[in-house]
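Keep the view open as you read.

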Amino acid sequence: MGFDGADDCAVVRLDKGRLLLQTVDFFTPVVDDPYQFGQIAAANSLSDIYAMGGKPIFALNIAAFPIKDLPKKILVDILQGGADMANEAGITIVGGHSIDDKEPKYGLVVTGEIKESDLITNAAARPGNILILTKPLGTGIISTAIKKEIAPQEVIDQAVESMTALNSSAADLMLKYKAASATDVTGFGLLGHLGEMCRASRVSAKVEFSKVNFLKDVKRLAQENIIPGGTRRNLDYAAGFTSFSPSISQVQRLMLADAQTSGGLLISIDPKRADEYLKEFNGSS
């Protein structure tokens with residue numbers, strides 16, 4: 001389909017209006033529990049398919065593990081978490097590849113499909129569209145707090161619940177309500193991914209901080225300087241194309257740039273359909 005965009009998946013035209021979608025993503029642990037790590041990594045990988053309105057059809061594991069230094073049970077739990085998340089998405093993990101490495105890493109290669117007429121890209125947002133973000137922000141900051149062993153269990157549980165939630169229902173509703181454009185919010189943070197959408201669509205966007213949802217304790221942790229390096233780099237990058245109101249503090253700017261893991265979908269949609277989308281989405285989530 002071309003190399004001129006920055007969409008979430010590779011898109012290959014097949015026949016009779018059918019498109020093949022493919023993506024790959026993997027990373028090091030963001031939580032201590034290996035099973036939950038597997039779930040999160042799998043949900044994150046699946047998200048790229050959903051961001052383009054597609055349906056996943058199968059996946060492959062990609063794993064790295066220090067097999068001589070850690071119990072094999074940890075790897076088993078990681079893979080089980082991924083398998084269970086794939087099962088929730090209605091697909092099977094049909095193979096994969098693993099290597100011996102010093103640090104655990106896990107993710108999926110996911111293949112999906114979609115009708116060409118239904119394809120949603122990040123390059124079709126239109127002036128006057130409403131922006132909808134389907135998950136709260138803050139998983140990067142919370143993951144850093146987990147690594148520093150200062151995150152309360154309640155905060156960890158909330159973040160894990162968010163990161164293991166599939167974006168499937170959000171994607172289904174995008175098609176139903178004919179969203180103009182979409183992307184998922186992951187490593188580049190809200191500002192970075194929104195910037196990609198704006199450049200691809202040749203539009204600008206306005207974000208009101210008070211209308212952005214964050215996970216519990218994210219502001220407190222940010223005020224305590226619990227900020228991942230990726231979030232700081234995101235803000236440095238976003239500063240080149242973002243105009244901040246003087247009333248937006250440095251902490252708030254970092255919160256908006258926080259590097260997400262398995263974040264929500266950022267959807268650009270006609271305002272006439274936005275309320276209906278939100279009503280149905282919030283009723284199902």
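Strands and cysteines

Q: In which sense do strand 3 and strand 5 pair?
A: Strand 3 covers residues 55–65 and strand 5 covers residues 105–115. Strands (E, at least two residues) and helices (H or I, at least four) are DSSP runs, numbered from the N terminus. Two strands pair if DSSP finds at least two bridges between them. Here nine bridges join them, and the sense is antiparallel.

Q: What kind of model is this, and how are residues numbered?
A: The model is predicted: local features need pLDDT of at least 70, side-chain atom pairs count only at pLDDT 80 or more, and totals for chains, interfaces and linings use all residues. Side-chain values use heavy atoms, without hydrogens and water, and residues in each chain are numbered as its sequence is written, from 1.

Q: Which residue in strand 5 is the bridge partner of Ala 63?
A: Look along strand 5, which pairs with strand 3. The partner of Ala 63 there is Tyr 106.

Q: How many bridges join strand 3 to strand 4?
A: Strand 4 spans residues 93–100 and runs parallel to strand 3. Phe 65 stands opposite Asp 100 of strand 4. The bridges joining strand 3 to strand 4 number six.

Q: Is Thr 111 buried or exposed?
A: Thr 111 sits in strand 5. Buried means under 20% relative accessible area, exposed over 50%, partly exposed in between (1.4 Å probe, protein chains only). At 4%, Thr 111 is buried.

Q: How many disulfides does the structure hold?
A: A disulfide is a pair of cysteine sulfur atoms within 2.5 Å. Cys 9 is buried at 9% relative accessible area. The disulfide count is zero.
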